[in-house]
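Subject: Structure for you to look through

Dear colleague,

I am passing on a structure that I have been reading through, and I would be glad if you kept it open while you read my notes below.

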Amino acid sequence: MDFLNSFINSNYGEKILYSFIVIFIIYILKKINEKLIIEKIKEPKYKYYWNKTTNYLLVIIGFLAVGRIWFVGFQSLSTFLGLFSAGLAIALKELITNFAGWIYIISKKPFEIGDRIEIGNFSGDVIDISILNFTILEIGNWVNADQSTGRIIHIPNGIIFNQNLANYTKDFRYIWNEIPVLVTFNSNWKKAKEILLNIAIEHSEHLSKEAEEKLKKAAAKYMIYYKKLTPIVYTNVEDSGILLTIRYLCHPRKRRGTAHEIWESILDEFSKHNDIDFAFPSQTIYLESPKDSL
């Protein structure tokens, strides 16, 4: 008991005691914030941002308070942050890289929460950004046409410095999609091409004017130039038939839905014309008769 009292009354004992008091106060403030403020916020987006911001603020305050208790030289914010950063740089290289990635993400905003991105081997919708990593709801992989797999993937922020990043939804906010339709050589391909173009216009023409406005804004920031934003059908010849490829603009999250609607329209329209048939890979085999072999 005497040892415990002497330890508490010693310099180290006081520092440990005060440190626990600071941590306890931070914990109480966090609980008060959750009960009195966060639970009353109805909008999920605002609730998320408020929770993240207050948690970061409390952690920083806790570090500053504990640092001033343990280190006499920490009498100013700049001194504390300088020494603290130097120590972390030596011992925690990966964590520092991820923290630097977080600073880059929140300042340069290559992506934000809600954006659909592809970075390295990962694709998905960004659902969280924290100090050390960001989280995406995965798309693609074993699921076709950019549909969600349901998997949540946590990716270190440092990846932003060494992997290429594609943002589906930032600035221009549209992507080009193509649907290949193969018809036989005997088909009336010109009629088929006209039908396909009309279907593409019906399903995506309204996006062209929206895209033009977005393109004007994006062109002020990036060297983006398109001569044509309206749907088009390209013609090519394949081994098994004539390939007609529909190219049209769509929202990134509606790629599969628009393809579904367009294909149903194609099937309906082609069924009305006897001179248009879908092509498929085929082989022609010639058999010699016994007489021909003599």
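Is Lys 109 buried, partly exposed or exposed? Lys 109 is partly exposed, because its relative accessible area is 36%, where buried means under 20% relative accessible area, exposed means over 50%, and partly exposed lies in between, for a 1.4 Å probe and protein chains only. Lys 109 lies in the loop between H5 and strand S1 (116–119), and its phi is near 55 degrees, a positive value in a residue other than glycine. Helices (H or I, at least four residues) and strands (E, at least two) are DSSP runs, numbered from the N terminus.

Before going further, please keep in mind that this is a predicted model, in which local features need pLDDT of at least 70 and side-chain atom pairs count only at pLDDT 80 or more, whereas totals for chains, interfaces and linings use all residues. Residues are numbered from 1 along each chain as its sequence is written, and side-chain values use heavy atoms, with hydrogens and water left out.

The sheet

Five strands make up an open sheet in the order S4-S3-S2-S1-S5, with antiparallel pairing; two strands pair if DSSP finds at least two bridges between them. Strand S4 (148–156) and strand S5 (165–167) stand at the edges with a single partner strand each, so one side of each has no neighbour in the sheet. Within the sheet, S2 and strand S3 (residues 133–139) pair in the antiparallel sense over five bridges, and Val 126 has Ile 136 in S3 as its bridge partner.

Asp 125 belongs to strand S2 (residues 122–129), and it counts as buried because its relative accessibility is 14%. The side chains of Asp 125 and Arg 253 are joined by a polar contact of 3.2 Å, which is a pair of N or O atoms within 3.5 Å; within protein, one must be able to donate a hydrogen and the other to accept it, and residues adjacent in sequence count only if both atoms are side-chain atoms. Leaving aside residues up to four places away in sequence, Asp 125 touches several residues, including Asp 115, Thr 135, Ile 136 and Arg 253, where contact means heavy atoms within 4.5 Å.

The aromatic rings

The structure holds five aromatic pairs; rings of Phe, Tyr and Trp (its six-membered ring) pair if their centres lie within 6.5 Å, and planes under 30 degrees apart count as stacked, over 60 as edge-to-face and the rest as tilted. In one of these pairs, the ring centres of Phe 99 and Trp 102 are 5.5 Å apart and the planes stand at 40 degrees, so the pair is tilted. Phe 99 and Trp 102 are separated by about one helical turn, because they are three residues apart in helix H5 (residues 93–108). Phe 99 is partly exposed at 35% relative accessibility, whereas Trp 102 is buried, with a relative accessible area of 13%.

Trp 263 and Phe 278 form a tilted pair as well, with 6.4 Å from centre to centre and 45 degrees between the planes. This pair links distant parts of the chain, since Trp 263 is in helix H7 (residues 255–270) and Phe 278 is in the loop between H7 and helix H8 (290–293), 15 residues apart. Trp 263 is partly exposed at 31%, and so is Phe 278 at 34%. Ring pairs link Trp 263, Phe 270 and Phe 278 into a cluster.
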